[in-house]
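Take a look at the model below. Two places in it are worth a walk-through.

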Protein chains: 2
Amino acid sequence: MAKDKGLIPQSEDFNEWYNEVVLKADLVDYGPVRGTMVVKPYGYALWENIQRELDRMFKETGHSNTYFPLFIPISFLQKEAEHVEGFAPELAVVTQAGGETLEEPLAVRPTSETIIGHMWAKWIRTYRDLPQLLNQWNSVVRWELRTKLFLRTTEFLWQEGHTAHATQEEAEEETRRMAGVYATVLREWCAIPGWEGPKTESEKFAGAVYSISYEAMMRDGKALQSCTSHYLGQNFAKAFDIQFQDKDQQNKYVHTTSWGFTTRVVGAIVMTHGDDKGLILPPRLAPIQVVIVPIYKAETRETVLPAAIQLAEQLKKMGIRVFLDDRDQYSPGFKFNEWELKGVPLRLELGPRDVEAGTAVLASRLGGKETVQVSELPNLLPGRLEQFQHDLYQRALQFRDEHTWEVDSYEVFKEKVEQGFVKAFHCGEKDCEKQIKAETTATTRCIPYDEPEAHGSCIRCGKPSAYGKRILFAKAY
Amino acid sequence: MAKDKGLIPQSEDFNEWYNEVVLKADLVDYGPVRGTMVVKPYGYALWENIQRELDRMFKETGHSNTYFPLFIPISFLQKEAEHVEGFAPELAVVTQAGGETLEEPLAVRPTSETIIGHMWAKWIRTYRDLPQLLNQWNSVVRWELRTKLFLRTTEFLWQEGHTAHATQEEAEEETRRMAGVYATVLREWCAIPGWEGPKTESEKFAGAVYSISYEAMMRDGKALQSCTSHYLGQNFAKAFDIQFQDKDQQNKYVHTTSWGFTTRVVGAIVMTHGDDKGLILPPRLAPIQVVIVPIYKAETRETVLPAAIQLAEQLKKMGIRVFLDDRDQYSPGFKFNEWELKGVPLRLELGPRDVEAGTAVLASRLGGKETVQVSELPNLLPGRLEQFQHDLYQRALQFRDEHTWEVDSYEVFKEKVEQGFVKAFHCGEKDCEKQIKAETTATTRCIPYDEPEAHGSCIRCGKPSAYGKRILFAKAY
């Protein structure tokens, strides 16, 4: 059984390690329909903890939750030219319902800009109806051919925010604000460092004026786009005729935004922090922050178990997410492996001698063991959990920085982009990006806000750089 | 504009009153596809408050949230004979995806027993894997012909709980426990009285051994089935081959349950409590519990508004959901009507003389106005909100009891069932139920747990009663 839970080492086959760990740690399973996934309780609890923080921040920034229907008439998707081009190939289509063939086929929503645009055209009359600050938690369907659990499945869970504003300035501010909310959750809750910035023209959302993303580095050096926030300009407003009468009595088109954060973040957490033993979860999000493993034989059971139960109760009351593993059928060693696989940050071991001495052994999933006074745990644990959160972020940041290079030669670019991120100058031309992708499989990830002003020649073609700074390249999930 | 918000009286056309109030109070709108709805922020906030309580109670009773895919292979639905018979006519079917025709068409889930059964067959090996206590929040699709906002839409939001157990006893206990959780939320949070009990054979869920429901009375005397909890026996276990090795080394089929609570509860709240002025929302669920309407002219604005803002901040800090209506463009009278329409339980009016005297006028959506000291409000309001919650329930209970009759003659039955609920004896035969439905449009609602033991002759055919008590009949939504 212990062998059952063993993983292939990351260094041997990162891709296979990932597939094994998400399945064996009970985060997820394959659904019966090709490309679908079942999010299991442990994986869902992680997602719920992320949801709770995002939802709180959305409400603090004035947004309301709503629900728009799953089915979108195909004709809606065709109204915005770039949008339909981007999404048409991936649509799942309902053609029959209630035993009859539908007059107009219905797309299962791949994203809701069009159906929300349709409703806004009806709801928005004057500037007093603006801004519209909406969000919804749901699932969307995009029929992808190459799928990977959490990262790319034909159906995935997400939230999609949609807002409409009277002015471009307000809409752009919103686009940036929500990208900022995402960056906060990724950095402070998921412990995932990343580069935030606009995508290049070739990589933006289908229908956007521009898109901002957060690009994180996985432990194989590849990039994972962890969320996006789009300024849609008046593209959808014009396609759906969303006009309002402004204070100056003029009819104007609204400016819209949309922004999404998906269950792929679970994959990002796994691949940013995990190691050959399994997951390592950030304490702020971990469904179980502390696991208590009582260590006893038949004759010491009645000494150890009540003490463990008492400790678990005490920590629970403090608001710590604690789990007491009192399963009799498994050995402590088996349990240690299992909770390491599942990435629980801290483990408390409690044996008969510990109970006698009023101590416990505190082990960290990041390494290290110490003997602590049980009476001190209420004081000790909150700080240890925060320290763990901090250390995990620093560890990921160090890894990222060690695998990021400023590069000015295409030969070095090709070599380095196999190992991590490259910051380089680029001419800004789509064809040149396409060439780089064809030659290296790397793509532009974003134009990082944090990158200082600089000028140089395009890494591939030598033309002057277009962005006033180096931009980020990587192979991406 | 005020006229715009006017409603047809309930007594004139209850059905039309309902349609007007849910739309004008901004709970919901019609979606673009026939039979669908858009849940707007105000309606969704109400649903979220219900969700939060249910979710908390599910977790307290040991359940975990999960997510199973939207798409179910048609062949899965065909495995349980009664289930497919019940759901096949209402399926929406995806036949094309990713630009190609699918080999096997996919049903958009009408409910998830089958796909969860499929996964359980894979996950469950021994008694140690039991019980499985799962829940998911999602939407389902049932292609109904006659639709009505919140009550019956082709897509609706709900939660579906699914559990698997080693024994019948445990599964039946679970079925009853979750019906009890629902009854608690309906009574204590929604302020909706009802009768809880098993459905008759004709009215049970497609695939269940039996179903328990909670039957509430709307203000037109009709019944609304507000939730259901099903004991599924081994029906799905056998259809999907969900076996486990028990402690005695024998392979056995599990016993499963399922239970669901939907957005139709919003319709139930509207039709249980609403009046000719609009909604009346239970304070425990109301998105806005107290609205503050400042009353001022240009010269008193600077006196009144800061006091109103201060009061709003103070109440917010106490955890009261308060809204300050400081819109300059509307008169106080307009605002009173609007917040009455939207069912806000308590209104505080604050004028210049009030500010001077340190008072405010407190008006209840259930009637009555009083002048109160602003300094007393923090002490006063929590109690008033609880009192409102209590009064609302009592009002509904009284209405229900005044419209419920014990009847022993079929002639009186026919007359009374036009006005409310009837408790009568029944022979238990399906054909007899069918006849009653054909002759009166009334159906059996449930066999109430609370009903005392009694024996008599079937209200229609005169045969001996089958249930050992009177059962509940009504016309139903």
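Predicted model: local features only at pLDDT ≥ 70, side-chain atom pairs only at ≥ 80, totals over all residues.

Residues are numbered from 1 along each chain as its sequence is written, chains are lettered from A and ligands numbered from 1 in the order written, and side-chain values use heavy atoms, without hydrogens or water.

Start in chain A. Four strands form an open sheet there, in the order β20-β21-β23-β22, and the pairing is mixed. Strands are DSSP runs of E with at least two residues; helices are runs of H or I with at least four; both are numbered from the N terminus. Two strands pair if DSSP finds at least two bridges between them. β20 (404–406) and β22 (443–446) of chain A are the edges, each pairing on one side only. Neighbouring strands are turned by 35 degrees on average, direction ignored.

β22(A) pairs with β23 (residues 471–474) of chain A over 3 bridges, in the antiparallel sense. Here C446(A) faces L472(A) of β23(A).

Move to chain B. Helices α1 (residues 14–24) and α8 (residues 264–273) of chain B have axes that come within 11 Å and cross at roughly 120 degrees. Axes are lines fitted to C-alpha atoms, for helices over the stretch in contact, and angles run from 0 to 180 degrees between N-to-C directions. α1(B) is therefore oblique to α8(B): angles under 35 degrees count as roughly parallel, over 145 as roughly antiparallel, 65 to 115 as roughly perpendicular, and the rest as oblique.

Which residues of α1(B) meet α8(B)? They are F14(B), W17(B), Y18(B), V21(B) and V22(B), against G267(B), V270(B) and M271(B) in α8(B). Contact means heavy atoms within 4.5 Å.
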